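Here is a short report on salt bridges and helix packing. Have the sequence and the model open as you read.

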Amino acid sequence: MQIADFSPPDTPAARGALALAREYQSPALTAHAIRSWLWAEAFARVDGIAGIDHELLYVAAVLHDIGTVPEFDNHRLSYEHAGGHVAGAVTAGAGWPTQRRLRAGEVIVRHNQESVDPAVDAEGYLLEVATALDISGSRPDALPAGFVREVLAAHPRGDLAAEFAACVVDQAARKPDTAARRLVDGGLLDKLAAHPFEHR
C-alpha cells in the first residue's frame, strides 16, 4: 500500500474543500485532515469496505475540523456540527443535491462519535476510525508500517498535538455540552502526548 494508490478526487467540491482548508486552517491541522483521508481510504481496504462515496469521504475528511478555526467557530454548536455546515456550503456551491450535502455533514458529525457502525454509515465509520488513529492513537498497527511511514513523511504531524489540544480544551470550556467536553474528560490530552506517531 502506497500514497500513490489513493488519488484525491478531481472535482469542484474536493478542490474547494482543500482550498478552504489551506486558507483557514494551520498547516498542522490541514496535514491532519489529509492524513485522516488517507487513513480512511486505507482502512476501507484493510477492513474490506466497498461501495464508498470517495468524493464525499474526501470532502468530509478535509473539512472535519474546520469548525475549530476562529472564522467558522460557531458560538453555540459543537465544532463538528459547525464543520458539517461548512461542508454543506462547499458542496452546495459544487452543485451537490440536498441529500448528498446532508450526508457530508452527517459524516463529519459522526467522526466524533465513540463508534460508528460501518453497516449503517461506511464513510462515517471510516472517518471515525481514521481520526481516532491520528488523534488518539487507536489501532496504530492496523495499517501497513511502510504506508504509515510514507504518510507521516509526506504530511508530518508538526504542532498538531499542542494545537489540537488547545482547540478542544477551549471548545470544551465554552461549550461543555458538546463532544469536545467528552474528549477532554476522556483523556484526550494524555492520548495526544503519548501518541505513537509523535515519536516516529
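## A buried pair

Arg157 is buried, because its relative accessibility is 6% and the cut-off for buried is under 20%. The model is a predicted one. Arg157 pairs with Asp134 in a salt bridge, and their closest N and O atoms are 3.4 Å apart. The two residues come from distant parts of the chain, 23 residues apart. Asp134 sits in helix α6 (residues 122–136). Arg157 lies in the loop between α7 (145–154) and α8 (160–174).

Is Asp134 buried or exposed? Asp134 is buried, at 0% relative accessibility. Both partners therefore fall under the 20% cut-off.

## A partly exposed pair

Asp53 forms a salt bridge with Arg100. Here the closest N and O atoms are 2.9 Å apart.

Asp53 has 23% relative accessibility, so Asp53 counts as partly exposed. Arg100 has 23% as well and counts as partly exposed.

## A pair within one helix

Asp185 and Arg181 meet through their side chains in a salt bridge, at 3.2 Å from N to O. Why are they about one helical turn apart? Because they are four residues apart in helix α9 (residues 179–185).

Asp185 is exposed, with a relative accessible area of 57%. Arg181 is partly exposed, at 28%.

## The network and the total

Some salt bridges join into a network. Its members are Arg103, Glu106, Arg110, Asp121 and Glu123. How many salt bridges are there in the count? The count comes to 17 salt bridges.

## Packing of α5 and α6

Two packed helices are described by the angle between their axes and by the distance between those axes. For α5 and α6 the angle is about 35°. Their axes are 8 Å apart. The crossing of α5 past α6 is right-handed.

Which residues make the contact? On α5 they are Arg103, Val107, Ile108 and Arg110. On α6 they are Glu123, Gly124, Leu127 and Glu128. By class, the contact has three nonpolar, one polar and four charged residues. Arg103, Arg110 and Glu123 take part in this contact, and they are also among the members of the salt-bridge network.

Note on methods
Residues are numbered from 1 along each chain as its sequence is written. This is a predicted model: local features need pLDDT of at least 70, side-chain atom pairs count only at pLDDT 80 or more; totals for chains, interfaces and linings use all residues. Side-chain values use heavy atoms; hydrogens and water are left out. A salt bridge is a side-chain nitrogen of Lys or Arg within 4 Å of a carboxyl oxygen of Asp or Glu. Buried means under 20% relative accessible area, exposed over 50%, partly exposed in between (1.4 Å probe, protein chains only). Axes are lines fitted to C-alpha atoms, for helices over the stretch in contact, and angles run from 0 to 180 degrees between N-to-C directions. A crossing is left-handed if the near helix is turned anticlockwise from the far one by less than a right angle, and right-handed if clockwise. Contact means heavy atoms within 4.5 Å. Ala, Val, Leu, Ile, Met, Phe, Trp, Tyr, Cys and Pro count as nonpolar, Asp, Glu, Lys and Arg as charged, and the others, Gly among them, as polar.
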